[in-house]
Amino acid sequence: MNREKQREIVYMIQPIAGDTEDRTEHDEAVSLIESADAEYAGTICQRVREINPSTYIGGGKLQALRDRLEGLEDITVLFNGELTPSQTLHISAALGDRKVIDRTTLILDIFAKRAKSSEGKLQVELAQLKHIYPRLKGKGAALSKLGGGIGTRGPGETQLETDRRHIRLRIRYLEEKLASLASRRELLTSRREKDGMHTVSLIGYTNTGKSTLLNALTDANVYAADRLFATLDPTSRLLTLDGTPVILTDTVGFLHSLPHHLIDAFRSTLESALHCDLALIVCDAAGDFGRQLETTLSVLRDMGCKAPYLLVMNKSEDLRDTTAYPHESIFVSAKTGLGLDFLKEKILQFFRRDTVSVQLKIPYEKLSEYGKLKQYAIEKTFDYRDDALYVNAVIENKFLLRFSPFFA
Ligand SMILES: Nc1nc2c(ncn2[C@@H]2O[C@H](COP(=O)(O)OP(=O)(O)OP(=O)(O)O)[C@@H](O)[C@H]2O)c(=O)[nH]1
Ligand SMILES: [Mg+2]
């Protein structure tokens, strides 16, 4: 029998803080619900002038929602914002003991589904445990009432039933384990730096097409999909631009008002991606690129990333008018290939800005000595003459001195 697993149905409470309603925040939450493989059922909006410390929104509205959901079993209520543990429980009680989740729980659920690498899984588990820990205070019963679905899945699943002491120990274990993985990665990064490898990272809002760009530029075969947080674990591929090797890294995307402790959970992997020579900040030219750019730049600022960047406006295959965009924008389409050659040229120009062209003369008996230096040069032409091998090469200024024995 091939019975399809029933999808979780989610109804949303959208608090509205200011005078104007922010549709984007709401629509993004709908995409988040769909990205968690759940079904969106509807929304109740509530203007919040004063936060009710116990239930965040007023009791009248909760009663209205309770009435609206009357008779509908198994509907999860998403509060599109952050709730304290006791607010979650009070709202749940006011709705007749319905399952209530907040935005962080929903995002963590998507992360749990997406994490593929062992480090990614550990990071998600740590974030889940840290989120769940304060919610466990004497509320074992309330948690077990949650049943299955969003907020109970993922690497941390088996931990949810264990006691607080157990969780504390697990949190400490995960923190130590992740710290050791991070230090190993630092070692790799510094080795790469010594090797003089150029690094470029695709950074930007979720669903802007970073993974599709990585695929288009390098023939990689990474997962790209029309959903939020399709990528969680960073992936690197080699891109060769006119003989210059560049390591291109794709990583997790950002989201407006992503809770800080979620960014913290991925800080170390993000940092290694942000620790690049050049960032490509990818925006969706057909979407709200201003908001995407602002969010991305603010995360980069918070993380102390000072890497120079190129601004890439992806999905611009149907763009007619470019006047509304920042003047330095590079318009591309990962889907049709539009502008990709120009983008490559821009990346190359960036790395070539500190280079010189030289002619090298390598006596044949010194070929193996030269062999150790080759990786720092981009060799253009070879001329095997009687006295020596002559090479025309492009070399970065910082490596130039190493080649002095071979200057022709
Ligand atoms: N029209 C159009 N769609 C694109 C283009 N590039 C990517 N897409 C689509 O946009 C969606 C998201 O693409 P991804 O590459 O997964 O986006 P991402 O930035 O890696 O997203 P996250 O991993 O979630 O942060 C997919 O459905 C792609 O097919 C493009 O140039 N034009
Ligand atoms: Mg991606």
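F289 is buried, at a relative accessible area of 17% (buried means under 20%, exposed over 50% and partly exposed in between, with a 1.4 Å probe and protein chains only). This is a predicted model, where local features need pLDDT of at least 70 and side-chain atom pairs count only at pLDDT 80 or more, while totals for chains, interfaces and linings use all residues. Residues are numbered from 1 along each chain as its sequence is written, chains are lettered from A and ligands numbered from 1 in the order in which they are written, and side-chain values use heavy atoms, leaving out hydrogens and water.

**Aromatic pairs**

- Searching the whole structure turns up 8 aromatic pairs (rings of Phe, Tyr and Trp, the last by its six-membered ring, with centres within 6.5 Å; planes under 30 degrees apart are stacked, over 60 edge-to-face, the rest tilted).
- F111 and F229 form an edge-to-face pair, with ring centres 4.9 Å apart and planes at 90°.
- This pair links distant parts of the chain, 118 residues apart: F111 is in helix α4 (residues 103–114), and F229 is in the loop between α8 (210–218) and β6 (235–241).
- F111 is buried at 2% relative accessibility, and F229 is buried at 0%.

**Around F289**

- The rings of F289 and Y325 are stacked, because their centres are 4.3 Å apart and their planes at 25°.
- Y325 is buried too, at 11% relative accessibility.
- Ring pairs join F289, Y325 and F331 into a cluster.

**Charges over rings**

- R385 sits over the face of Y390, 3.9 Å from the ring centre (NZ of Lys or CZ of Arg must be within 6 Å of the ring centre and within 35 degrees of the ring normal).
- R402 lies over the face of Y376, at 4.5 Å from the ring centre.

Terms used. Helices (H or I, at least four residues) and strands (E, at least two) are DSSP runs, numbered from the N terminus.
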